[in-house]
Amino acid sequence: MEQRRERRVQVQYPISFEGNQGVSKGKLFNLSMGGCAIESGSYVQVGTTVTLRVYIPTHKEPIHIDRAGVTWSAGQDFGVEFADIDSKEKERLQKLIADLQEGKGSIH
């Protein structure tokens, strides 16, 4: 049985993503330090590279992920692996996940 490398948290955050198909919106529903799953009205192909902006209700600015690769796609849901994220954004993401795991963060 395959084991995930990182613990995932279940969330519901608005997200926008930009790739070769232009800018689209969706909902992030599964998050870890290494990637996330997204529900969207758009079909995104495996192998596509996207830029992400995750909108957290308790944060003024979205968390920006410079580059993420699409690793799976099922209908209008897809998963990405974070490939390039600024160190400040990575710290914000780590704090968000830690707060969620401790029950401090907002889930939606």
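How many residues lie between β1 and β2 in their hairpin? Two.

1. Ground rules: this is a predicted model, where local features need pLDDT of at least 70, side-chain atom pairs count only at pLDDT 80 or more, and totals for chains, interfaces and linings use all residues. Numbering runs from 1 along each chain as its sequence is written, and side-chain values use heavy atoms, leaving out hydrogens and water.

2. Strand pairing. β1 runs antiparallel to β2 (residues 22-31) over nine bridges, with Lys27 in β2 as the bridge partner of Pro14. β1 also pairs with β4, again antiparallel, over four bridges; there Ser16 has Arg53 as its bridge partner. Strands here are DSSP runs of E, at least two residues, numbered from the N terminus, and two of them pair if DSSP finds at least two bridges between them.

3. The aromatic pair. A search of the whole structure turns up one. Ring centres of Phe17 and Phe78 sit 5.2 Å apart with planes at 70 degrees, so this is edge-to-face (centres within 6.5 Å, planes over 60 degrees apart). Because Phe17 belongs to β1 (residues 9-19) and Phe78 to β6 (residues 77-84), the pair ties together parts 61 residues apart in sequence. Phe17 is buried at 1% relative accessible area, and Phe78 is buried at 0% (buried means under 20%, 1.4 Å probe, protein chains only).

4. Ser42. You'll find this residue in the loop between β3 (35-40) and β4 (49-54). Leaving aside residues up to four places away in sequence, Ser42 touches Phe17, Ser24 and Gln76 (heavy atoms within 4.5 Å).

Note on methods
Phe/Tyr/Trp six-rings, centres within 6.5 Å; stacked < 30°, edge-to-face > 60°. Buried < 20%, exposed > 50% of the residue type's maximum accessible area, 1.4 Å probe, protein only.
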